[in-house]
Amino acid sequence: MKFRQLLTATTATFSLLLSLSTLAADTIKVGVLHSLSGTMAISETTLKDTVLMMVEEQNKKGGLLGKKLEAVVVDPASNWPLFAEKTRELITKEKVDVIFGCWTSVSRKSVLPVIEELNGLLFYPVQYEGEESSKNVFYTGAAPNQQAIPAVDYFANEMGVERWVLAGTDYVYPRTTNKILEAYLRANGVAKEDIMISYTPFGHSDWQGIVADIKKFGSTGKKTGVVSTINGDANVPFYKELGNQGISAEDIPVVAFSVGEEELSGLDTKPLVGHLAAWNYFQSVESDENTAFISKWKKFIKDSKRVTNDPMEATYIGFNMWAQAVEKAGTTDVDSVEQAMIGITTPNLTGGIAVMNANHHLSKPVLIGEIQADGQIETVWETFGTVIGDAWSDFLPSSKSLIADWTAPVSCGNFNTETAKCSGQNF
Amino acid sequence: MVSAGEVTHGEVRELSQRLPSAKLRTLPPIVEQLEQCGEAALPLLQAMLKGDLWVRRSDKLIVIAERGKGAEFTLVDAVSGVQLPSVTKKKIKKIVINNRLRVQLRDMIARVTLASEDPVIRESAVRNMLNKMSADNVALLAKARLTENDRQVLAVIDLSLAVYALNHSTDRSLRLNALDVIDGSLEPVVANALSAVLAADSSGVDLEKDADVRLKAQQAFSKIQRRIDFYELLEQIFYGLSLGSVLLLIATGLAITFGVMGVINMAHGELIMIGAYCAYMVQLLMPNSIEYSILLAIPCAFVVSGSVGILIQRCVIRHLHGRPLETLLATFGISLILQQAVRSIFSPLNRQVISPSWLSGSLEINPIFSLTYNRLYILVFALIVFSVLQLVLKRTSLGLHVRAVSQNRGMAKAIGIRTERVDALTFGLGSGIAGIAGVALSQLTNVGPNLGQAYIIDSFMVVVFGGVGNLWGTLVGGFSLGIANKFLEPTTGAVLANIIVLVGIILFIQKRPSGLFPQKGRAAE
């Protein structure tokens with residue numbers, strides 16, 4: 001009697017497990033690794049919603065390879081080591097086929113060893129400092145040559161800036177970007193005393209002294225410009241202080257790499273009018289894809305005032321490319337998809353075509369825009385055509401001769417063209 | 001017969017119709033032509049500079065649009081100044097300008113308004129030219145000088161002409177005269193002009209050949225430099241005091257809950273955050289009187305944060321009396337709960353608290369020294385809050401009870417003080433003050449769920465440094481940390497300055513564990 005009970009129970013459990021696994025095989029799992037709590041929730045929550053919107057839309061179109069997509073959302077809580085743990089959980093426990101995630105460079109660096117060890121696939125949608133190319137990561141945000149360098153060129157050529165303030169938050173992205181920019185400026189004949197570099201802690205709020213220094217630095221008669229890699233939150237008090245100390249965009253313009261429509265929606269933009277932002281996408285760009293995307297987003301999020309921004313476009317492009325690559329490869333197997341990804345093209349939201357290059361970076365147009373009183377950014381300059389993302393900067397001596405190429409015969413993320421050797425280190 | 005005025009208006013109209021189709025690159029020549037129309041084009045150019053110039057989609061008419069009530073825009077014909085019916089934003093399209101155009105427009109408006117009737121406008125026009133003197137501007141200013149009768153405007157014109165003469169003239173007496181005119185002026189352009197005179201080439205040979213001019217310039221320069229140094233020192237002291245006042249504000253509440261009551265309240269930062277959100281809510285409730293909403297937010301924040309504080313005290317802290325470690329952990333948990341609650345209610349995005357106009361801009365004392373209003377008011381506000389609190393503690397019966405309970409709980413209970421009630425009220429008072437600090441911070445930084453975390457360490461630092469249980473210690477501690485930080489910042493950078501101050505405090509606490517002003521006598525136990 002007891003035995004029979006046990007037998008039925010076991011059979012029931014097995015059949016349940018079996019049905020679960022067949023159920024799981026019928027969906028393609030998409031991991032979403034964005035912080036929903038903690039400091040970075042402010043930026044990353046939006047990207048989680050973007051991925052969910054894309055998944056929903058893909059399912060309406062009938063999914064992929066005849067299967068439905070299923071989003072698996074985890075919350076790494078702005079805690080960098082937790083990013084690595086959650087990645088492991090997504091790949092080994094949830095068995096996701098792809099992960100869209102990370103914002104800060106430090107979270108990506110934390111995920112890298114895990115994703116390479118378990119051979120996962122990560123789409124990273126934020127502009128970053130470069131100097132990296134992993135086989136398991138596709139970088140759909142801008143590399144420095146797709147944002148920082150063109151912005152500096154615009155300042156020098158179009159606005160006649162001769163004196164430079166490189167202001168940033170004290171962490172890896174601003175430090176590396178400023179190192180590249182300083183090398184670039186010095187190579188273009190800017191004297192050392194015409195460059196001022198200043199770092200501030202995360203969330204810095206007392207800008208009086210630094211803004212006064214910038215004002216003094218800019219009062220020598222030479223046109224002065226500020227290149228800001230100041231991270232998210234600290235920008236509000238920074239711009240407020242600029243406004244209060246009477247520094248207008250005509251006197252000392254500021255070009256920012258981390259300020260987009262989303263950041264602007266949380267602040268009074270009147271004192272910011274005329275300051276600049278460099279991105280690969282602005283909500284204000286007029287194109288059919290963009291109009292469709294914006295209305296879809298507003299409908300999905302049920303808020304007509306929500307804005308779109310550049311990392312959202314990068315997520316959009318990344319997702320569409322991955323979907324195409326899966327169709328092309330006919331499987332979600334990481335190695336096949338990785339090879340299928342290279343060379344994939346998809347329309348971007350600014351009316352052009354995004355191409356995934358062999359170094360796992362995108363070709364993107366570079367837009368420079370001025371902040372308007374309504375919190376939107378209007379394009380005032382753009383590159384002709386697209387710029388290919390450069391994984392290893394040509395302006396740093398240590399990475400000058402390195403290239404990334406994930407197609408045969410090189411198949412290496414850091415191939416030294418001088419010694420013709422792959423260092424073998426993947427990140 | 002057509003009058004001259006109508007002719008220029010016609011021209012302006014014709015030129016303005018070319019604006020909507022022009023690209024940013026092709027706008028400058030059109031704007032230049034507009035300048036030739038003089039005063040007739042002035043309203044249009046000024047609106048363009050302010051970004052208020054739009055084109056009506058229906059008939060391509062150029063209009064000056066300003067946001068009226070709600071979503072409607074009030075329209076005025078940019079050329080004739082005639083009022084037009086209000087429309088929604090969809091019906092008009094903005095004429096986008098960039099920085100280069102803004103500079104061009106500003107210069108242009110300066111040239112046109114040089115002949116304005118209002119001396120204030122004339123002065124600002126001359127000041128705009130002061131920084132970019134060219135031969136053209138010299139001719140304009142020399143002409144304007146002949147008819148100018150306002151002394152202040154005249155002085156700026158003379159200064160501008162002198163700066164130009166010093167660097168460009170070859171006439172020795174004119175240059176010596178110019179040096180007399182600019183003597184003692186603190187305008188940055190003067191210091192630049194003088195350092196250009198005094199500059200040496202790469203081999204160390206002076207560029208200026210005239211010894212008299214050089215000597216006089218040297219004297220003028222060192223005099224100016226002394227004054228600049230003096231004002232820079234004043235500026236740094238002000239920055240220090242201002243940072244100190246923020247530290248004082250955020251630490252005052254903690255000085256009561258932690259200092260007087262001995263409760264380690266890790267949720268103090270979140271009480272500050274709640275105060276900041278009150279400022280946001282009040283502003284949302286009275287959108288038409290942003291100017292005063294911030295004043296109303298102060299009592300609101302005090303009540304809301306105070307009530308939350310009392311709630312925390314009654315529900316949690318009361319039961320953990322005398323167990324500091326558990327209190328610490330429990331309040332830390334509460335802080336996380338409050339943060340996530342705010343994230344769920346208001347979204348993780350920062351909220352925008354608009355600064356009223358009386359809190360924006362700066363009080364300009366001279367060209368190199370100005371005090372920003374928001375910092376100035378917060379400094380005064382912090383001192384007011386501090387003195388009111390001192391009065392409450394020293395002159396009211398609540399204050400008497402608070403002091404009695406904190407000094408000897410058992411004895412206070414024995415003489416009939418309801419210690420439980422006093423505990424709750426004291427905690428509420430400290431929390432309420434944290435809320436007030438939040439209102440002040442909403443004018444300086446982001447209002448978001450993480451606001452509190454950024455300040456919790458600073459506030460503990462000030463209280464511990466100043467001496468636990470001593471309000472005056474908090475005052476001195478706040479200001480001295482602020483000034484130390486700001487004096488270190490220029491030489492070490494902001495990151496290192498923070499670290500040095502923190503290390504300094506650790507060393508100081510090692511030497512004097514009870515802070516700057518330790519409590520003496522029986523209260524110390």
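In what order do the strands of the open sheet of 5 strands in chain B lie? The order is 4-3-2-1-5, and the pairing is antiparallel, where two strands are said to pair if DSSP finds at least two bridges between them. The helices and strands named here are DSSP runs, numbered from the N terminus, with at least four residues (H or I) for a helix and at least two (E) for a strand. The edges of the sheet are formed by strand 4 (83-88) and strand 5 (92-94) of chain B, each of which pairs on one side only. From one strand to the next the twist averages 40°, an angle taken between N-to-C directions on a scale from 0 to 180 degrees, with axes that are lines fitted to C-alpha atoms. Strand 1 (residues 53-56) of chain B is joined to strand 5 of chain B by 3 bridges in the antiparallel sense, and B:Arg56 stands opposite B:Ile92 of strand 5.

The structure is a predicted model, in which local features need pLDDT of at least 70 and side-chain atom pairs count only at pLDDT 80 or more, whereas totals for chains, interfaces and linings use all residues. Residues are numbered from 1 along each chain as its sequence is written, while chains are lettered from A and ligands numbered from 1 in the order in which they are written.

Chain B is assigned domain 1 (4-100), domain 2 (118-209) and domain 3 (230-353 + 368-524), with bounds that come from an automatic or database domain assignment. The C-alpha centres of domain 1 and domain 2 of chain B are 35 Å apart.

Between the chains, 42 residues of chain B are in contact with 42 residues of chain A, contact being defined by C-beta atoms, placed from the backbone, that lie within 7 Å. Among the elements that give two or more residues to this side of chain B are helix 4 (99-113), helix 10 (211-260) and helix 19 (471-492).

A:Leu65 is found in the loop between helix 2 (41-60) and strand 2 (68-74) of chain A, and A:Ser78 in the loop between strand 2 and helix 3 (80-93) of chain A. A:Leu65 has 13 C-beta neighbours inside 10 Å and counts as partly exposed, whereas A:Ser78 is buried, with 22 other C-beta atoms within 10 Å; the terms mean 20 or more such atoms for buried, 12 or fewer for exposed, and partly exposed in between, with C-beta atoms placed from the backbone.

Definitions and conventions:
Two residues are in contact if their C-beta atoms, placed from the backbone, lie within 7 Å.
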